[in-house]
Amino acid sequence: MKSKTLAAWLALLGGPLGLHRFYLGGLGDRIGWLLPIPTALGLYGLERVQQYGQDDILSWLLVPLLGFTFAGCCLTAIVYGLMSREKWNARFNPAAAESAESGATRWSTIFAIALALMIGAGVLMASIAFSFQRYFEYQVEEGRRISQ
């Protein structure tokens, strides 16, 4: 029996590593194996920011990957948490009755949804702001260089 609450918390806390995908789909889930790639690239981008500063072009392309991956996993946690009991059990527990307790929404599920909403929205806005800021600063620098 796959628990909706556990799946929501795994998507929130271990989503960038694909833990929720492995919990629900097993180790054969291809998307679960692909999720750590943008996470690792984003972490590499953070390392480049620390090493070379924010002017490194590769880092401002890689850092948002981590943010967008994490925000997507937070959205997945919200979708899992808001899924109805009947739909959850029909999709992830097909052998169980539609009203089985594994698809129930508990207070811990509500806390996972609220936390995913707060963190996911913050990370998404920060990623977008970082991306656009670096892009427009780069455009201004290029324009100055061309005009000289």
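W60 is buried in this predicted model. Its relative accessible area is 9%. The cut-off for buried is under 20%, so W60 falls on the buried side.

Now look for aromatic partners. How many aromatic pairs are there? The count comes to eight. One of them joins W60 and Y138. A pair of aromatic rings is described by the distance of the centres and the angle of the planes. For W60 and Y138, the ring centres are 6.0 Å apart. The planes meet at 50 degrees, so this pair is tilted. Stacked would need planes under 30 degrees apart, and edge-to-face would need over 60.

Where do the two partners sit along the chain? W60 lies in helix 5 and Y138 in helix 7.

Next, compare a pair within helix 7. The rings of W107 and F111 have their centres 6.4 Å apart. Their planes are at 40 degrees, so this pair is tilted too. W107 and F111 are four residues apart in helix 7, which means about one helical turn separates them. Both residues are exposed.

Stay with helix 7 and move to E142. The helix covers residues 107-147, and E142 is found there. E142 has 18% relative accessibility, so E142 counts as buried. The limit is under 20%. What does the side chain of E142 touch? A polar contact of 2.6 Å joins it to the side chain of R145.

Aromatic residues also come in groups. Which residues form one aromatic cluster? Y80, W88 and F92 do. The charged end of K2 sits over the ring of Y23. The distance to the ring centre is 5.2 Å.

Y44, I57, L58 and L61 make a nonpolar surface patch. The area of this patch is about 350 Å². Which helix gives the largest share? Helix 5, residues 57-82, contributes three residues. L61 has its place in helix 5.

Methods. Residues numbered from 1 in each chain as written. Predicted model: local features only at pLDDT ≥ 70, side-chain atom pairs only at ≥ 80, totals over all residues. Heavy atoms only, no water. Helix = DSSP H or I, 4+ residues; strand = E, 2+ residues; numbered from the N terminus. Buried < 20%, exposed > 50% of the residue type's maximum accessible area, 1.4 Å probe, protein only. Polar contact = N/O pair within 3.5 Å; in protein donor to acceptor, adjacent residues only side chain to side chain. Patch = residues over 30% accessible without salt bridge, like charges linked within 9 Å, V, L, I, M, F, W, Y side chains within 5 Å. Areas by Shrake-Rupley, 256 points an atom, 1.4 Å probe, with all protein chains shown as cover. Salt bridge = Lys/Arg side-chain N within 4 Å of Asp/Glu carboxyl O. Phe/Tyr/Trp six-rings, centres within 6.5 Å; stacked < 30°, edge-to-face > 60°. Lys NZ or Arg CZ within 6 Å of the ring centre and 35° of its normal.
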